[in-house]
Amino acid sequence: MDIAVIGSNMVDLITYLERMPEEGETLEAPEFEMGCGGKGANQAVAASRLGSDILMVTKVGNDLFGQNTIENFKANGVRIEGVEVGTKTSGAAPIFVDPNAKNRIIIIQGANSELVPETLENHRSRIKQAKLIVLQLEIPLETVYHAIQMGEELGIPVLLNPAPANPELDIAYVKKCTYFAPNESELGILTGMPVKTVDEIKSASVSLVHKGVQNLIVTMGDKGVLWMNAEKEVFIEAEKVKAVDTTGAGDSFIGCFAHFVTKGSPVEDALQQANRYAAQAVQRRGTQTSYPTLEEFRAN
C-alpha cells in the first residue's frame, strides 16, 4: 500500500449561483449537482486515480448516502477495509459556486465526528503498511493527534492538510509531521498574521518554520505554491488556466502530491506535478468528478 488517508467523507451539495442572496432573500439558482466529497475522500480518490494504492480510514453515515460513498470508493479503486459505518447521518457539504468559480462551503460533520482514536487502533495493522499517512481537520482533533502519534510510532511520514483551519491546532503535533500543507487563508488563521500578498505569506511561513515545522507547503490559488523549510524556500508559479469550479482544488493538489512523493519523486517535482493536476481539475465542474485519471493528466 502507498498511502493511508485518515479523514472525512461528505455528500457534496453544489449550487451554481449568479450571485449570493441577500439576508432574507430567496433566489433561484440555475444549476445544482450532488456528488461524493469530503477532504479525506477527495484526496484519496485523486491519488487513486493517478495510480496509488490507497487505504481510506473513515466513518460513513448510517444511510443511503453512506452506502453510496462506499460504492464510490470501490469504483475509484480505494480500499474500504478501513471504512466503518457510524450511527449518525452522513456528513454533508452545501457548496455555493459563483460565476467567477469562487466557492463558499458549509460542512456538517455527521458520522465523521465518530472517527475516534479507537477507530484508528482497529486498523493499525493496515495503516502500518503505508508509506505515507495523509490527514485533514474535518474529523475530531484528538483523532488527528492520535494519527500523528501513530505515524511517529510506526516510522511513517505524515502529511497534515489543516483544513478547515482550527486555531487550536497544537504546534507540538504539527512539528511531528513531515509535511504541513495549509492554503494561504488557513496559514493566516493559524499564525494570526496577514497573508494578502506573497511577501506576507512568506513572513507568516517563516514564523512556522522557526517554530519547528519541517516542510511547509502553502497553496495560494492563482498566486502559486510556496515550499519552505529550514534550508530552502521554493516558489512555484500557478498554471494560467480559465477556472470553472475551484471546489476541491486543494484536495486534488494534496492527493497528487502524495501520489508522486510516495512514488519517489523529489518534493519540488511532486509539487510541480500537483500544481499541474489542480490546474486541470479547476477546469471541470464538481469535486471528485473533476479529478483527471493518470492517462488524462499525461495527455494534457
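Thr 262 lies in helix α9. The model shown here is predicted. In it, Thr 262 counts as buried because its relative accessibility is 12%, below the 20% cut-off. A polar atom of the Thr 262 side chain lies 3.0 Å from the backbone oxygen of His 259. Leaving aside residues up to four places away in sequence, Thr 262 touches Asp 2, Ile 3, Ser 52, Lys 131 and Leu 132.

The side chain of Ser 52 makes a polar contact with the side chain of His 259, at 2.7 Å. Beyond residues up to four places away in sequence, Ser 52 touches Asp 2, Ile 3, Ala 47, His 259, Thr 262 and Lys 263.

The structure holds 5 aromatic pairs. One of them joins Tyr 179 and Phe 257. Their ring centres are 5.3 Å apart and their planes stand at 85°, so this pair is edge-to-face; the cut-off for that class is over 60 degrees. The pair links distant parts of the chain. Tyr 179 sits in strand β10 (residues 179-180), Phe 257 sits in helix α9 (residues 249-262), and 78 residues separate them.

Tyr 277 is buried, with a relative accessible area of 0%. Tyr 291 also counts as buried, at 0% relative accessibility. Both tyrosines take part in a cluster: ring pairs link Phe 260, Tyr 277, Tyr 291 and Phe 297.

Another ring has a charged partner. The charged end of Arg 285 sits over the ring of Tyr 16, 4.0 Å from its centre.

Tyr 16 falls within strand β2 (residues 10-16), which brings us to a sheet. Strands of a sheet pair through backbone hydrogen bonds, either parallel or antiparallel. Here 4 strands form an open sheet in the order β3-β2-β6-β7, with mixed pairing. Which strands are at the edges? They are β3 (31-37) and β7 (103-105), each pairing on one side only. Neighbouring strands of this sheet are turned by 20° against each other on average, direction ignored. Strand β2 pairs with β3 in the antiparallel sense, over 7 bridges. Within that pairing, Met 10 stands opposite Gly 37 in β3.

Now turn to helix α7 (residues 184-191). Its buried residues are Glu 184, Glu 186, Leu 187, Gly 188 and Thr 191. What do they pack against? They pack against α8 (198-210) and β11 (216-219). Gly 192 follows α7, and its phi is positive, near 70°. Gly 192 is placed in the loop between α7 and α8. Its relative accessible area is 66%, so Gly 192 is exposed. Gly 192 and Leu 169 are 23 residues apart in sequence and 13 Å apart in space, C-alpha to C-alpha.

The last stop is β11, one of the packing partners of α7. Leu 216 and Val 218 point one way from β11, and Ile 217 and Thr 219 point the other way. All of these residues are buried. β11 pairs with strand β12 (residues 225-228) in the antiparallel sense, over 4 bridges. Thr 219 has Val 225 as its bridge partner in β12. The hairpin of β11 and β12 has 5 residues between the strands. In this hairpin, Gly 221 takes a positive phi near 60°.

Methods:
Residues numbered from 1 in each chain as written. Predicted model: local features only at pLDDT ≥ 70, side-chain atom pairs only at ≥ 80, totals over all residues. Heavy atoms only, no water. Buried < 20%, exposed > 50% of the residue type's maximum accessible area, 1.4 Å probe, protein only. Helix = DSSP H or I, 4+ residues; strand = E, 2+ residues; numbered from the N terminus. Contact = heavy atoms within 4.5 Å. Pairing = 2+ DSSP bridges. Axes fitted to C-alpha atoms, helices over the stretch in contact; angles between N-to-C directions. Phe/Tyr/Trp six-rings, centres within 6.5 Å; stacked < 30°, edge-to-face > 60°. Lys NZ or Arg CZ within 6 Å of the ring centre and 35° of its normal. Polar contact = N/O pair within 3.5 Å; in protein donor to acceptor, adjacent residues only side chain to side chain.
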